[in-house]
Amino acid sequence: MKKNATLGDVKKVVRKNAAGLQRTAHRNAPVDTGNLKRSIGLEIVDGGLSAEIGAMADYAPYVEWGTRFMKAQPFIEPALEEVKSKFKSDMQKLVK
C-alpha cells in the first residue's frame, strides 16, 4: 500500500462502493409493490473491511434467478458487475 494509505482508506473505499452497489441494485430491481426494492439492505461487516448487500424479501431469489414458471429478472448480479470494476480501480489507487 502507499505510505500514506491506511486501513481507514480501505474502509472508506469499501463503504463507498457498497453504497453504490446498493443504489444500483435499487435502480435495477423490478417493481410491483415496491417491497423487493425496499428490502435491499446493506451491512458493513468485518470491522468495515467488507460489506453484505442483499434483498431480504422471501421471494428475492426467485426474482433474481427465476423459476421453471417465471423468467429471471436479475437485479443484484448486474449491479455487482457494474460496480466491480470501480471497486477494483479504487483499491488499486491505494496500492500504487
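Author: A nonpolar core is a set of buried Ala, Val, Leu, Ile, Met, Phe, Trp, Tyr and Cys residues joined through side-chain atoms within 4.5 Å. This is a predicted model, in which local features need pLDDT of at least 70, side-chain atom pairs count only at pLDDT 80 or more, and totals for chains, interfaces and linings use all residues. Residues are numbered from 1 along each chain as its sequence is written, and side-chain values use heavy atoms, with hydrogens and water left out.

Reader: Which residues make up the largest nonpolar core?

Author: The core has twelve residues, among them Leu-21, Ala-25, Ile-40, Phe-75 and Val-83. Helix 1 (7-28), helix 3 (60-65) and helix 4 (76-95) each give two or more residues to this core. Helices here are DSSP runs of H or I with at least four residues, and strands are E runs of at least two, numbered from the N terminus.

Reader: Why is Thr-24 called buried?

Author: Buried means under 20% relative accessible area, exposed over 50%, and partly exposed in between (1.4 Å probe, protein chains only). Thr-24 has a relative accessible area of 6%, and is therefore buried. This residue lies in helix 1. Beyond its neighbours within four places in sequence, Thr-24 is in contact (heavy atoms within 4.5 Å) with Ala-79, Glu-82 and Val-83.

Reader: What makes Asp-90 and Lys-16 a salt bridge?

Author: A salt bridge requires a side-chain nitrogen of Lys or Arg within 4 Å of a carboxyl oxygen of Asp or Glu. The closest N and O atoms of Asp-90 and Lys-16 are 3.3 Å apart, and the pair meets this criterion. Asp-90 lies in helix 4 and Lys-16 in helix 1, so the pair ties together parts that are 74 residues apart in sequence.

Reader: Are these two partners buried or partly exposed?

Author: Asp-90, at 6% relative accessibility, counts as buried, whereas Lys-16, at 47%, counts as partly exposed.

Reader: What makes Glu-82 and Arg-27 a salt bridge?

Author: Their side chains meet at 2.9 Å, N to O, which is within the 4 Å limit. Glu-82 is in helix 4 and Arg-27 in helix 1, 55 residues apart.

Reader: Why is Arg-27 called exposed?

Author: Arg-27 has a relative accessible area of 52%, so the residue is exposed. Glu-82, at 45% relative accessibility, counts as partly exposed.

Reader: How many salt bridges are there in the whole structure?

Author: A search of the whole structure finds four. One of them joins Lys-84 to Glu-81, with the closest N and O atoms 3.2 Å apart.
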